[in-house]
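Have the structure open as you read.

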Amino acid sequence: MEKLDQHDPHLADILRRAHLEREQQEQRLADLFGAQTVPKVTEETLAISLDHLKQHLEVPCLLTGIESRGCFAWEASYIFGRKRPKEYAQRKKQQPSYTDTYAFLSFEEAYDPYAGLAVTVQRVSDSKRFVLPSAHLKAREKPSNNSQLLDDYVVWFVNGRR
């Protein structure tokens, strides 16, 4: 594999922008919690995050899965292993898929520091409803306020669990 040239101006610019974006995200998160640094995930900080998302998430909001992990892990064996398209299509009718588009309906009131926040969504293709973990979802529309809000939540939740 070719080694990256750290002195390449294009690469240096990409790294600089990524670092700046990360610093800005950390500052947004610290500000959200009224803290100097980003706090860990606790019941108290989840409650603050839930209130913030309820106030700022713009509806309608279309969501999709981030990847074939977590609540969508059932798909991994079809994507990376056995290729059974008919079986996969049948399961996809009953279970949520990370490739589906969902309309956000509401936040669930119950949460815990391990599972995080959950949302009730409705699959656009067939109107089937699911309750899914917010940390496994992202906004379809990018760039958008919703995309940034949800990305900030996911990064904080995944990195801040004890």
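What follows covers the model itself, then its salt bridges, then a serine in a loop.

## What you're looking at

This is a predicted model, so local features need pLDDT of at least 70 and side-chain atom pairs count only at pLDDT 80 or more, while totals for chains, interfaces and linings use all residues. Residues are numbered from 1 along each chain as its sequence is written, and side-chain values use heavy atoms, with hydrogens and water left out.

Side chains of opposite charge can pair when their charged atoms come close. The structure has six salt bridges (a side-chain nitrogen of Lys or Arg within 4 Å of a carboxyl oxygen of Asp or Glu). One of them joins the side chains of Arg 22 and Glu 26, at 3.0 Å from N to O. These two sit four residues apart in helix α1 (residues 9-32), so about one helical turn separates them. (Helices here are DSSP runs of H or I, at least four residues; strands are runs of E, at least two; both are numbered from the N terminus.)

How accessible is Arg 22? Arg 22 is partly exposed, at 48% relative accessibility, and Glu 26 is partly exposed too, at 36%. For the cut-offs, buried means under 20% relative accessible area, exposed means over 50%, and partly exposed is in between (1.4 Å probe, protein chains only).

## A link from α1 to α5

Arg 28 and Asp 152 also meet through their side chains in a salt bridge, 2.8 Å from N to O. This pair ties together distant parts of the chain: Arg 28 belongs to helix α1 and Asp 152 to helix α5 (residues 145-160), 124 residues apart. Arg 28 is partly exposed at 31% relative accessibility, whereas Asp 152 is buried at 8%.

Which residue does Arg 123 pair with? Its salt bridge partner is Asp 100, with the closest N and O atoms 2.9 Å apart. Again the pair links distant parts of the chain, 23 residues apart: Arg 123 is in strand β3 (residues 118-123), and Asp 100 is in the loop between α4 (85-94) and β2 (101-107).

Both partners are buried: Arg 123 has 2% relative accessibility, and Asp 100 has 11%.

## Ser 134 in its loop

Ser 134 lies in the loop between β4 (129-133) and β5 (137-139). Ser 134 is buried, with a relative accessible area of 5%. Leaving out residues up to four places away in sequence, its contacts (heavy atoms within 4.5 Å) include Phe 107, Leu 117, Tyr 153 and Val 154.
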